[in-house]
Amino acid sequence: MQQHHLPQSELKSQHLVDSNALQSQEYVPPISRIPLDVFLEILSMVLGVMGNSVDRIYSLRHTMDYYKELQRLRLVASAWSTLIDQTPKFWIYVDAFAPEEIWRAAFQKSKKMKISVDCISHLRPPNTRLHQSFVNELSIHAPRIRSLDIMEKDLREIVSKDAEMAGLVSLHVKRYLTDRFAQRSPEISLAKWTPNVQNVELLGCSFNWPDPGWTNMKSLKLVHGDPATIFDTLQLLNILAGSPTLERLILHGQVPTEAPDTTRLPQIHLGALKTLKLNTYSTRGLFQLLDSIIAFPTDQFDVSFFVESTEPPRLRTFGRFAGLLKEKQVDSLSMAASGNYCRVQLGGFCVRAAFGSTLGAGALNALDGILEGIQGSLLREVERVDLTADIYNVVPSLIPIVHARCPRICHFSLQSLESGVSSLFNRNSSSPRWLFPHLTTITLSPNRQLQILEMVGAIQARSEAFKAGVLPAQVIGLKLKVSDSQRVQFEDVIKDVRKLVPEVTVEARTPRGVL
């Protein structure tokens, strides 16, 4: 095959022609050739401001310095810088403690878009106040603020300027502990000032609501603040009555306090509720609230409360809030008892009780009382149980109760200080019937070698019963959770166990709290 080569003189001439053509045209760097609409989409993804998502940009604020990232992108090319400056959605986040030229640029370049304003900085000293120039600018742009994080004392100053925020959707107000001893300020009506807010968090604040002015809220979080302005149950129910679409309710501290016995409390329907979390010291106020709320949280029901007496009050009340958890295909039940604490957890349903004295035998009543309120059909679907207790005599009495309520259990995890517990998995004079007939795997966190040997004996007995056709299933797996020192101490016993049980695994035990 013949190859044709141009003479050297022609190659040189062609090179001069191409060079002249390039010089006659304006050269555009490849990075600037990206179509503007494509570049805008890419930049939006990088900065986390797709559409008008103030919440997304706010979440990124905690993992990177947004405006430093923005500045780096502006330095790539002049076209990028121009586009960023002319695109309002890149400026919808305003940080009160950024340099003044930055927050002023954000107010200006965001144009008429809704903005998110953060006046709470993690590096901010407790006594630092907002600069007056920022307060004045914030008041001017108040109607288009969509999300606001602010300290209570700063919020009071802004409200004093009659800066109504009709477009505010999310409000997060925090109060420093040192501010609680300061001279009390005149009360203000947050509902009047922010009539359309949907998501509210008041952390340690002293605000009071003289009337239920907020309606159609989606999220409400109250953390105990000034004892003089804590809501009682009736006040809280009146607020909730105006928000039947509420999806998230979180109360922490002495919220709510109990209403007088002579008060007739309304029934509140919260059909959209997804999360209900209550952590309170006011037990009577807690039950008043739960008795008045008609709701079935679909994602989470989490209650922690303090009981002064050893007799747990009406613990079965909690169970009805597990109603919709069946749709989540919950198959694992966890229970714990330690000192003066006890806990029952079933998927997103969790109840923790702290008692004024050591529980002792009262732990059994507390755990059984909580279980009693849960629908039987829901417990009958449970296939896994995790039981932890360091109170003597609780586990031996609790295991038969669990068997009666959860007959389909096939995996049992046990952590107990007592010996003799493993014998409950065997049939003997004290246990004339086999517990957990469908059991196939056991997890044990032993404290002594004897506990391992007792469990192996029970497993062997169950295996013989299975071969005889008495049990529908046999235990084929044993998992031992031990510490590093126990692994050495139990080495010989574990070797013997491996000869007797088909599947034996040994895992490191991780420290964990009961609650």
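A cavity is a set of points on a 1 Å grid over the protein atoms alone where a 1.4 Å probe fits but cannot get out, and its lining residues have an atom within 4 Å of a point. Grid points are joined across faces, edges and corners, and a volume is the space filled by probe spheres set on the points.

The model is predicted, so local features need pLDDT of at least 70 and side-chain atom pairs count only at pLDDT 80 or more, while totals for chains, interfaces and linings use all residues. Residues are numbered from 1 along each chain as its sequence is written, and side-chain values use heavy atoms, without hydrogens and water.

**Exercise 1.** Describe the second largest cavity.

Solution. 
- Step 1: The structure holds two cavities of 30 Å³ or more.

**Exercise 2.** Classify the packing of helix α15 with helix α17.

Solution. 
- Step 1: Helices are DSSP runs (H or I, at least four residues), numbered from the N terminus.
- Step 2: Axes are lines fitted to C-alpha atoms over the stretch in contact, and angles run from 0 to 180 degrees between N-to-C directions.
- Step 3: For α15 (residues 449–467) and α17 (residues 491–500) the angle is about 5°, and the axes are 11 Å apart.
- Step 4: Angles under 35 degrees count as roughly parallel, over 145 as roughly antiparallel, 65 to 115 as roughly perpendicular and the rest as oblique. Therefore α15 and α17 are roughly parallel.
- Step 5: In contact (heavy atoms within 4.5 Å), Gln449, Ile452, Leu453, Val456 and Gln460 of α15 meet Val493, Val497 and Leu500 of α17.

**Exercise 3.** Classify the packing of α4 with α5.

Solution. 
- Step 1: Helices α4 (residues 66–74) and α5 (residues 78–85) pack at about 135°, with axes 7 Å apart.
- Step 2: They are therefore oblique to each other.

Terms used. Helices (H or I, at least four residues) and strands (E, at least two) are DSSP runs, numbered from the N terminus. On a 1 Å grid over the protein atoms alone, a cavity is a set of points where a 1.4 Å probe fits but cannot get out, and a pocket is an open set with protein on both sides within 12 Å along at least five of seven lines; lining residues have an atom within 4 Å of a point.
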